[in-house]
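Dear colleague,

Please find below the structure that I promised to hand over, followed by my notes on it.

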Amino acid sequence: MTDVRTGLIKPGYDPRLANEDLAPLQNQTWSSYNIFAFWMSDVHSVGGYVTAGSLFALGLASWQVLLALLVGIVIVQVFCNLVAKPSQVTGVPYPVINRAIFGVLGANIPAIVRGAIAIAWYGVQTYLASQSLLIIFLKFWPSTASLNETTFLGLSPLGYICYAILWVAQAAVFWKGMEAIRRFIDWAGPAVYVVMVVLAVYLVSEAGWENISLDLSAGESLGFAESIPVMLGAIALVVSYFSGPMLNFGDFSRYGRSFEAVKRGNLLGLPVNFLFFSILTVITASATVPVFGELITDPIHTVERIDTPFAILLGGLTFVIATIGINIVANFISPAFDFSNVSPQKISWRMGGMIAAVGSVLLTPWNWYSNPDAIHYTLGVLGALIGPLFGILIAGYYVISKQFVDVDAMFTMSPTGRYYFSGGYNPNAIYAMLASGIPAILSVVVPKLIGSGLWIADYSWFIGCGLGFAAFIVFERRNPRILV
């Protein structure tokens with residue numbers, strides 16, 4: 001019997017554009033809780049914890065950090081609602097909805113850009129999770145320390161073992177399909193919360209509440225006028241951190257029962273969940289000062305310092321689960337759809353995901369992650385293109401198309417098709433991407449090249465998004481390609 005959660009391929013659909021993973025869903029079943037759990041898996045990660053904790057190094061007071069986090073996540077919520085609707089209404093993933101804007105072949109451009117970013121981060125997140133596993137090995141099997149002394153291509157034999165275990169575990173969950181992934185994130189997010197609450201309670205009880213200072217500012221206290229640009233930078237950092245999953249959120253909103261259910265899930269999963277997570281992060285990090293004598297913003301290191309076997313086992317496995325959750329939802333599913341979109345008959349959803357998984361190993365992320373310049377010039381440049389892609393999609397759907405999408409036309413290669421445009425590409429979308437992408441990339445690269453900490457680099461996503469939005473509207477107004 002056909003799985004109702006797979007897409008329905010109609011007789012007129014061109015095989016070069018359709019398979020069961022990309023076609024419009026026959027049934028959309030995800031509830032608000034499923035979306036909420038998705039965001040819990042996305043937020044509850046080592047990277048999210050460190051990002052929230054790192055804002056205190058900017059010289060902001062605790063209330064200013066929390067305000068910046070809240071404002072940033074509300075912006076993310078608004079943008080996620082915008083990008084969610086076209087995919088939820090049509091039942092198609094992110095790369096397919098882009099066919100209505102970039103053209104049936106042009107949609108491969110944003111798909112490949114997003115997929116490339118996901119591959120890079122997939123490797124990094126797997127490596128970070130493997131470090132938690134490595135700590136467990138060294139604690140419970142001290143003899144494995146000998147496997148951690150030599151390195152090959154930058155990683156020890158024990159490191160390879162831990163990486164391989166995580167790689168296989170993630171691939172196994174992914175291979176079982178979206179329903180298995182939904183079930184995994186439904187319990188993974190809450191499970192991480194339970195352990196983080198236990199960790200916070202333990203550290204506070206050890207320190208004594210009277211010794212907890214919520215002012216973690218590591219720099220000099222800033223005056224009101226001085227704090228404004230720093231807070232704006234912190235807000236931009238939050239938006240940039242979530243820019244990847246925000247762009248391809250349509251890959252998940254397509255499963256929502258209704259757009260209202262998706263919006264409720266976003267409300268619970270973003271501002272409500274993120275605020276509680278941030279407060280929990282602040283309290284936990286604050287307690288590390290009196291307990292360990294220094295501020296620790298990495299939860300893996302916090303658990304390691306407790307030096308209790310049960311705590312290391314529970315904490316290590318929890319952060320492994322947390323990282324698997326965010327890695328699958330943020331960095332596995334996106335390239336799965338993106339690469340499948342390039343050649344639907346040759347690359348299935350599962351094969352697309354495995355291409356990303358194998359590619360992430362070939363990048364040797366343990367070497368790449370330790371090189372700040374490599375990170376800057378790869379993710380920095382590619383990340384600067386996320387803003388333009390977002391702006392163009394939103395402008396195309398809401399302003400130019402007036403929220404109308406001809407679903408069947410996204411699956412035909414007929415030259416007379418609505419979205420065939422010019423040889424399968426919409427020139428206006430390409431021009432808009434160049435007009436917005438180049439300035440966004442320059443805003444990241446130029447300050448680095450001239451050795452300047454210029455503030456403009458913090459806003460590359462907003463620059464690209466705004467320019468992409470405006471440029472696409474201007475090009476479509478001058479030479480309309482999308483006809484409604």
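V446 lies in helix 19, which covers residues 427-449; helices here are DSSP runs (H or I, at least four residues), numbered from the N terminus. Please keep in mind that this is a predicted model, in which local features need pLDDT of at least 70 and side-chain atom pairs count only at pLDDT 80 or more, while totals for chains, interfaces and linings use all residues. Residues are numbered from 1 along each chain as its sequence is written, and side-chain values use heavy atoms, with hydrogens and water left out.

At 35% relative accessibility, V446 counts as partly exposed, where buried means under 20% relative accessible area, exposed means over 50%, and partly exposed is in between (1.4 Å probe, protein chains only). Together with Y431, L434, I438, L442, L449 and I450, V446 forms a nonpolar patch on the surface, with about 690 Å² of accessible area in total. Such a patch is made of residues with over 30% relative accessible area and no salt bridge, its nonpolar side chains (Val, Leu, Ile, Met, Phe, Trp, Tyr) being joined within 5 Å, and the areas come from the Shrake-Rupley method with a 1.4 Å probe, for which only the protein chains shown count as cover of residues.

S436 also lies in helix 19, but S436 is buried, with a relative accessible area of 0%. What does S436 touch, not counting residues up to four places away in sequence? The residues are P388, G464, L467 and G468, contact meaning heavy atoms within 4.5 Å.

**Salt bridges**

The structure holds 7 salt bridges, each defined as a side-chain nitrogen of Lys or Arg within 4 Å of a carboxyl oxygen of Asp or Glu. One of them joins K10 to D408, with the closest N and O atoms 3.3 Å apart. Because K10 lies in the segment before helix 1 (32-43) and D408 in the loop between helix 18 (386-400) and helix 19, the pair ties together parts that are 398 residues apart in sequence. K10 is partly exposed at 37% relative accessible area, and D408 is partly exposed at 34%.

Another salt bridge links R182 and D186, whose closest N and O atoms are 2.9 Å apart. Both residues lie in helix 8, 4 residues apart, which is about one turn of the helix, and both R182 and D186 are buried. E179 joins R182 and D186 in a network of salt bridges.

K263 and E260 also meet through their side chains, at 3.2 Å from N to O; they are 3 residues apart in helix 12 (residues 259-292), and so are separated by about one helical turn. K263 is partly exposed at 28% relative accessibility, as is E260 at 44%.

Helix 8 (residues 178-207) has 30 residues and reaches 43 Å from its first C-alpha to its last, close to the 44 Å expected, the expected span being 1.5 Å times one less than the number of residues. Just after helix 8, G208 takes a positive phi of about 90 degrees.

Helix 3 (residues 62-90) has 29 residues and also reaches 43 Å, close to the expected 42 Å. A kink of about 35 degrees lies at A84 in helix 3, shortly before the proline P86, the bend being the angle between axes fitted to the seven residues ending at a residue and the seven starting there. Helix 3 is followed by G91, whose phi is positive, near 75 degrees.

Notes
Helices (H or I, at least four residues) and strands (E, at least two) are DSSP runs, numbered from the N terminus. Patches are made of residues with over 30% relative accessible area and no salt bridge: like charges are joined within 9 Å, nonpolar side chains (Val, Leu, Ile, Met, Phe, Trp, Tyr) within 5 Å.
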